[in-house]
Structures are given as C-alpha cells and as structure tokens.
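Okay, thanks everyone. Let me put the model up, and then we'll walk through some helix packing and a bit of the sheet.

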Amino acid sequence: LGDVYKRQVQRAVDQGANVLVSLHINSSGGQGAEIWAPYNTDYNAETHSVGVKLGEKILAQLSGLGLKNRGVKFRVIEDDTNDPKWDYDGGVSADYYGIIRYARRNNLPAIIVEHAFIDNWGDYDKYLSSDAKLQSLGLADANGIASYFGLAHAEGTVYRLYYAGTK
C-alpha cells in the first residue's frame, strides 16, 4: 500500500493542496467518529497543528449530526528494528498511517476521518444505511473543512475538493 499512499500524496502535492483528507468508515467495535492526525513532534510540526485544528472542525460538524465524538487521535510507528525507512529525517519516529506519514514527509497536513462504525447497528442504521445519510456525512466534512479555512457558506456555493480519481 505504500506506493498507493505515495501516489495519492504526490497527486495532492502536484495539485497544490493545502491539506489531504482521507475519508473512511470504521469497524471493529465502537461507535462515533474520530480523526487520525499527525502526532506532535518538531519534524514538520505545522502538519500536527493543522491536522488537530482541521480535525476538530470536522468532528464538530459530525457531532452536530449526532455522532459520538471520539476525538482527534495519533499513532506512531513502534520501530524496534531501528530501520531508518520507518523514521523521518534525523531518526524521528514516523506516523503509523501511511497517508499521514508520506504527506508529512512532503510537509502536507493529512488526516483520516473515520465517520462511524459499520459493524455497530446504531451507527450503521443512523448514519451509513442510505445515500442521503452518506451525503450528510460528506456535507459535514465539507462544512468542517470550509470552517477551518474561514470560508463562509452561501447557498449554491460549491467547494472543489480533490478526489484521487480526477487528473
């Protein structure tokens, strides 16, 4: 998957993206929404602060739909092998999730949005079981992103968000 993440990040960089937001649906027992962001370290430190602030804006919107707010979270690679391919420059431990790790290497803030738990009947039924419900999640994401960037919402306003399937 590393090559897939590298290509996705490179496309975002080539498009001049300010942030990279990867949208997901969670599983493995739980409920609510959570954001995975770059952890706090001096290596490309701004990616952490942007990720946290952007994640909080999106979570506020998702919580407004009734999803439980599981917070902004971080995960670091636990590298017992001391293999430098898993570290950032200077031996700094890297972020666990590839999309975040490769984006950070390019000084591009990236987050993963986990919207709800597909294996939780309550989450599935209330948030994932129809196109209209999925669209509500997408609108919440877009409104959170727009809020982070200080964009006022006006009726009929369209924001262009990068989609990996476009060229």
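So, how are H4 and H5 oriented to each other: roughly parallel or roughly perpendicular? Before I answer, the ground rules. This is a predicted model, so local features need pLDDT of at least 70, side-chain atom pairs count only at pLDDT 80 or more, and totals for chains, interfaces and linings use all residues. Residues are numbered from 1 along each chain as its sequence is written, and side-chain values use heavy atoms, with hydrogens and water left out.

Helix H4, residues 121-128, packs on helix H5, residues 131-148, at about 85°, with the axes 7 Å apart. H4 and H5 are therefore roughly perpendicular to each other. For the cut-offs: under 35 degrees is roughly parallel, over 145 roughly antiparallel, 65 to 115 roughly perpendicular, and the rest oblique. Axes are lines fitted to C-alpha atoms, for helices over the stretch in contact, and angles run from 0 to 180 degrees between N-to-C directions. Helices (H or I, at least four residues) and strands (E, at least two) are DSSP runs, numbered from the N terminus.

Who touches whom? On the H4 side you've got Asp-125, Lys-126, Tyr-127 and Leu-128, and they meet Lys-133, Leu-134 and Leu-137 in H5. Contact here means heavy atoms within 4.5 Å.

Now H2 against H5. That pair packs at about 135°, axes 8 Å apart, and that makes H2 oblique to H5. Residues making this contact include Val-50, Leu-54 and Ile-58 of H2, and Leu-137, Ala-140 and Ile-145 of H5.

Over to the sheet. Strand S4, residues 110-117, is mostly covered: eight of its eight residues are buried, where buried means under 20% relative accessible area, exposed over 50%, and partly exposed in between (1.4 Å probe, protein chains only). S4 pairs with strand S1, residues 20-26, in the parallel sense over six bridges; two strands pair if DSSP finds at least two bridges between them. S2 and S4 run antiparallel, joined by three bridges. Look at Glu-114 in S4: His-24 stands opposite Glu-114, and Glu-34 stands opposite Glu-114 too.

Last stop, Thr-41, which sits in the loop between strand S2 (33-36) and helix H2 (46-64). Is Thr-41 buried or exposed? At 14% relative accessibility, Thr-41 counts as buried. Leaving aside neighbours within four places in sequence, Thr-41 is in contact with Val-92 and Arg-104.
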